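This report describes selected features of one protein model.

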Amino acid sequence: MDLELRDRVALVVGGRGYIGAAVAETLRREGARVVVASRSADGDDAVAMDTASQESVDAAVARVLEQHGRIDVLVVTAAPAAGTLDPERASDPEQVAAAIDGKALGFLRVANAVLPHQRAAGSGRVVVISGQNAYLAGNVTTSLRNAATSIIAKNLADQVAGTGVAVNVVNPGSVTDEPAAEVQRGAGGESSPQQIADLVAFLASPRSAVSGESVSIAHRVLGQLTI
């Protein structure tokens with residue numbers, strides 16, 4: 001299938017990370033002009049951005065627009081790794097607030113900077129990587145930061161409904177280079193960065209008519225029923 005991404009401009013925030021690098025490379029293979037945003041820019045296809053700072057986000061987005069004229073696709077993978085969160089402080093309000101800011105509000109800052117330009121263009125795709133912890137209790141920090149990301153994305157999707165712009169969430173379980181076939185009860189299936197990137201590429205494509213969805217990659221939490 002031709003995803004019709006050739007020559008489209010894609011901004012991948014967190015594009016040097018474990019998942020983000022796979023997303024950036026996959027979009028390049030599909031013919032997109034990819035700009036990677038990270039805290040330190042390195043090369044012509046990169047821009048410096050700190051998602052904790054609206055000023056930094058606005059400056060980075062302005063630079064991409066100045067250089068390329070548009071941002072057809074926004075993918076946000078940037079967030080502190082789950083391993084950096086202290087499980088002993090899972091219910092600590094300070095850690096919870098910092099985690100929500102680092103993931104959900106970081107996404108919101110970038111989306112708020114990009115969406116007006118996509119709306120004006122009459123087309124655009126936004127995809128954010130969250131996680132299946134959004135479906136699970138047991139850790140306030142990880143549940144809330146992912147659930148907040150999904151809630152923000154759904155609200156943004158509703159705001160741009162009918163404009164030609166789509167906003168979606170991809171929810172991995174555990175991410176590993178060699179995903180196991182077996183799925184444990186109470187857990188989601190494992191996926192690889194490439195599998196995630198392939199799904200993101202489809203959702204980033206004008207061929208996709210999906211918007212306002214939180215899509216699980218691999219098996220959604222085994223034993224969970226949502227009606």
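In which strand does Val215 lie? Val215 belongs to strand E7. The model is a predicted one, and the values below are computed from it.

Val215 is partly exposed, with a relative accessible area of 24%. In sequence Val215 is 47 residues from Asn168, yet their C-alpha atoms are 7.7 Å apart in space. Asn168 is part of strand E6. With a relative accessible area of 0%, Asn168 is buried, because the cut-off for buried is under 20%.

The side chain of Asn168 has two listed contacts with backbone nitrogens. One is with Gly212, whose backbone nitrogen is reached at 3.3 Å. In the other, a polar atom of the Asn168 side chain lies 3.0 Å from the backbone nitrogen of Glu213.

Ser211 is located in the loop between helix H5 (193–203) and E7. Its relative accessibility of 31% makes Ser211 partly exposed. Ser211 and Ala166 are 45 residues apart along the chain, while 4.8 Å separates their C-alpha atoms.

Strand E6 also contains Asn171. Asn171 counts as buried, at 0% relative accessibility. A polar atom of the Asn171 side chain lies 2.9 Å from the backbone nitrogen of Gly131.

| Side chain | Backbone nitrogen | Distance |
|---|---|---|
| Asn168 | Gly212 | 3.3 Å |
| Asn168 | Glu213 | 3.0 Å |
| Asn171 | Gly131 | 2.9 Å |

## The cavity

How many cavities of 30 Å³ or more does the structure hold? The structure holds one. The largest cavity has a volume of about 30 Å³. Its lining consists of Ser150, Ala153, Lys154, Val167, Asn168, Val169, Gly212, Glu213 and Ser214.

Sorted by class, the lining of the largest cavity comprises three nonpolar, four polar and two charged residues.

Helix H4 also holds Ala148. At 17% relative accessibility, Ala148 counts as buried, because that class takes values under 20%. Ala148 and Val127 are 21 residues apart in sequence, and their C-alpha atoms are 15 Å apart in space.

## Backbone angles

Most residues other than glycine have a negative phi. Glu4, which is not a glycine, has a positive phi of about 60°. Glu4 is found in the segment before strand E1 (9–13). The relative accessible area of Glu4 is 36%, and the residue is partly exposed.

Ala218 also has a positive phi, near 70°, and is a residue other than glycine. The position of Ala218 is in the segment after strand E7 (214–216). Ala218 is partly exposed, with a relative accessible area of 39%.

## Aromatic rings

How many aromatic pairs does the structure hold? The number of aromatic pairs is zero. A contact between a charge and a ring is found at Tyr135: the charged end of Arg220 sits over the Tyr135 ring, 3.7 Å from the ring centre.

Conventions: Residues numbered from 1 in each chain as written. Predicted model: local features only at pLDDT ≥ 70, side-chain atom pairs only at ≥ 80, totals over all residues. Heavy atoms only, no water. 1 Å grid on protein atoms, 1.4 Å probe; cavity = no way out; pocket = protein on both sides within 12 Å on 5 of 7 lines; lining within 4 Å. Points joined across faces, edges and corners; volume = space filled by probe spheres on them. Nonpolar A, V, L, I, M, F, W, Y, C, P; charged D, E, K, R; others polar. Phe/Tyr/Trp six-rings, centres within 6.5 Å; stacked < 30°, edge-to-face > 60°. Lys NZ or Arg CZ within 6 Å of the ring centre and 35° of its normal. Helix = DSSP H or I, 4+ residues; strand = E, 2+ residues; numbered from the N terminus. Buried < 20%, exposed > 50% of the residue type's maximum accessible area, 1.4 Å probe, protein only. Polar contact = N/O pair within 3.5 Å; in protein donor to acceptor, adjacent residues only side chain to side chain.
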